[in-house]
Amino acid sequence: MGGAVTKNRLCKYVYLQMEYCNQCDRLARLENDAELPAMQAGDGSQRSLIKTSRMENAALRKLEQEKKIHARLTELDGEMAEIEDAIDELTDPMQREVLRLRYIDCENLRHTRWSDVAIRLYGDDDEKNLMAVWRVHGHALQALAKQRELL
């Protein structure tokens, strides 16, 4: 697979992180919603039986949703780990660092700007340093594409 496919997979990392955070938030909301007031003993009327049945159904739906969310979190964690492992396997430390800075160590779920990567690596974001970062990035994409068919 070529560098473009590899780059698309790396770009996906930030969206995996975003979905992971959103799923964790959903799970927390479900847990907060589950904290219902203690059930009162029914008076045996039809009305109290319907209320109990609704609460049981809501609890079952909550458990099913939690199960789906936990499964998705596990899947997302695996996908992110796969990308991180591929980067860690690169032999060139500069290539690893460019990819980590650009795709993994993002702030506010956005890719790190190229100028910020250049500043972190070279202390300046002048054109010469930006060109160096882009060159290392290109070599890193090629190395990943050769090293792993999955990226």
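**Figure 1. Arg-96 is a buried residue without a salt bridge.** In this predicted model, the closest side chain of opposite charge to Arg-96 is that of Asp-88, 5.8 Å away. A salt bridge is counted only within 4 Å, so this pair is left out. Arg-96 sits in helix 3, which spans residues 93-104. Apart from neighbours within four places in sequence, the residues in contact with Arg-96 are Ile-87, Asp-88, Leu-90 and Thr-91.

Figure 2. Glu-97 counts as partly exposed, at 26% relative accessibility. Arg-100 also counts as partly exposed, at 24% relative accessibility.

**Figure 3. Glu-66 and Lys-62 pair in a salt bridge within helix 2.** Their side chains meet at 2.4 Å, N to O. Both residues belong to helix 2 (residues 46-88), where they lie four residues apart, about one turn of the helix. Glu-66 has a relative accessible area of 12% and is therefore buried. Lys-62 counts as buried too, with 18% relative accessibility.

**Figure 4. Arg-113 and Asp-116 form a salt bridge.** The closest N and O atoms of this pair are 3.7 Å apart. Arg-113 counts as exposed because its relative accessibility is 53%, whereas Asp-116, at 32%, counts as partly exposed. Elsewhere, salt bridges with shared partners link Lys-12, Glu-19, Arg-72, Glu-75 and Glu-79 into one network. The count of salt bridges comes to nine.

**Figure 5. A patch of negative charge lies on the surface.** The residues gathered in the patch are Asp-124, Asp-125, Asp-126 and Glu-127. Glu-127 is placed in helix 5, which covers residues 127-147. With a relative accessibility of 62%, Glu-127 counts as exposed.

**Figure 6. The protein has five helices and zero strands.** From the N terminus on, the order of elements is α-α-α-α-α. Of the 151 residues, 32% count as buried. Among contacts with a separation of 6 or more, 68% are between residues 24 or more positions apart. The accessible surface comes to about 10,000 Å², and carbon and sulfur atoms account for 51% of that area.

Methods:
Residues numbered from 1 in each chain as written. Predicted model: local features only at pLDDT ≥ 70, side-chain atom pairs only at ≥ 80, totals over all residues. Heavy atoms only, no water. Patch = residues over 30% accessible without salt bridge, like charges linked within 9 Å, V, L, I, M, F, W, Y side chains within 5 Å. Areas by Shrake-Rupley, 256 points an atom, 1.4 Å probe, with all protein chains shown as cover. Lys, Arg positive; Asp, Glu negative; His and termini not counted. Charge placed at Lys NZ, Arg CZ, Asp CG, Glu CD. Helix = DSSP H or I, 4+ residues; strand = E, 2+ residues; numbered from the N terminus. Buried < 20%, exposed > 50% of the residue type's maximum accessible area, 1.4 Å probe, protein only. Contact = heavy atoms within 4.5 Å.
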